[in-house]
Amino acid sequence: MHAIETRNLRVWYGDNEVIKGVNLQVPPNGVFALMGPSGCGKSTMLRTFNRLLELNDDARVEGEVLLFGKNVYDPDVDPVEIRKGIGIVFQYPNPFPHLTIYDNVALGLKLNRLVDSKEELDERVEWALRKAALWDEVKDRLDDYPSDLSGGQRQRLVIARALAMRPKVILMDEPTANIDPVGTQKIEELLFELKSDHTIVLVTHSPAQAARVSDYVAFLYLGELIEVGPTRKVFENPEHELTEKYVTGALG
Ligand SMILES: Nc1ncnc2c1ncn2[C@@H]1O[C@H](COP(=O)(O)OP(=O)(O)OP(=O)(O)O)[C@@H](O)[C@H]1O
C-alpha cells in the first residue's frame, strides 16, 4: 500500500488554482522529494497531506489524499488527529524557545499521555534524540534552552520532537534552506538513517539535493506534476524536456 496517494488533487487560493489535478503515489519507507522552482506549489501540496493547509482561510482543497489507504478528507476524519500522526519540519527551525531541550522533545508525549512514567519519558526522549543524531551533542545539557544550539542542531531538535511521536510519515519543507553546509550534510545523512522506518516527503527547490537524498522524485511546475519516478531514472533519463531543463539548471 502507498504511504500517500493523491487523486486529482486541486488547490485554490481564492480564484487562483495552484495545484491543478495531481495524481501522485508515495511508496512507504524512503525519501520522496517534491522538487520544482519557487512558486510551483510544493509547500502547498505538502500541507494538504496533513490538512495543515485548511488553517489558511483562503485555501480550498479538492480531490483525495489517501494516507495508507484512508482519505484524510473523509468527513469522519479529525484533522487534529491527522496532524498529530504526521511529523512536520519547516524551513526555519522552530523549537519552542521557552522550553528546555528535554521538554521540547517531551511535550508532545506528555500532552498526549503517550508514556506512563518519568522513566519511560526519559527513555523516549533519549531514543528520539539518538534517532535525530543529536544525543551526543546535548546529553549533558538537556536543561539548556534551544537558543544555545546552532541552527543545524535546532533543526535536528525539531526532528527529534517529531520522531518522539513515532510518526510513520514525516513531511519536511526545505529543512536545510537556512542551515550551513555542515549542518545540511548532517541532516541529509540523518534522512538516510530514518528512511528505513519512516516515509519522508521532502520539499526542495534544489535538484542537487533531490538527487543526493531521494529514492523517488516528483517534478512540479506551475501546479502540475510533470514527471515522477525513481530518482536515478528521472535525473539520468528524464521523459520530459521540462524536467531535463530543470535538472540541468536551465529552468531556474
Ligand atoms: N497564503 C497564500 N495565499 C495566496 N497565494 C498563495 C499563498 N501561499 C502560496 N500562494 C501562491 O501559490 C503558489 C504556490 O506557492 P507555494 O508556496 O506552494 O510554492 P512553492 O513551490 O513551495 O514555492 P517556494 O519554494 O517559493 O516556497 C504561488 O503562486 C504562491 O504565490
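Trainee: Where is Asn29 placed?

Mentor: In this predicted model, phi of Asn29 is near 55°, a positive value in a residue other than glycine. Most residues other than glycine have a negative phi. As for its place, Asn29 lies in the loop between strand S2 (16–26) and strand S3 (30–35).

Trainee: Is Asn29 buried or partly exposed?

Mentor: Asn29 has 14 C-beta neighbours inside 10 Å. A residue is buried if 20 or more other C-beta atoms lie within 10 Å of its own, and exposed if 12 or fewer do. Asn29 therefore counts as partly exposed.

Trainee: Is Asn8 exposed or buried?

Mentor: Asn8 is another residue other than glycine with a positive phi, near 45°, and it is placed in strand S1 (residues 4–13). Around Asn8 there are 11 other C-beta atoms within 10 Å. Because the limit for this class is 12 or fewer, Asn8 is exposed.

Trainee: Which helix gives the largest share of the shell around the ligand?

Mentor: The ligand is surrounded by 13 residues, and the closest are Tyr13, Ser38, Lys42, Ser43 and Thr44. By class, the shell has three nonpolar, eight polar and two charged residues. Its largest share, three residues, comes from helix H1 (residues 42–49).

Trainee: How far apart are the end C-alpha atoms over residues 4–247?

Mentor: The unreviewed UniProt entry annotates residues 4–247 as "domain: ABC transporter". Over these residues the chain is 38% helix and 27% strand. The end C-alpha atoms are apart by 25 Å.

Methods: Residues numbered from 1 in each chain as written. Predicted model: local features only at pLDDT ≥ 70, side-chain atom pairs only at ≥ 80, totals over all residues. UniProt positions renumbered as here; feature names shortened; annotations may be inferred. Helix = DSSP H or I, 4+ residues; strand = E, 2+ residues; numbered from the N terminus. Near = placed C-beta within 6 Å. Nonpolar A, V, L, I, M, F, W, Y, C, P; charged D, E, K, R; others polar.
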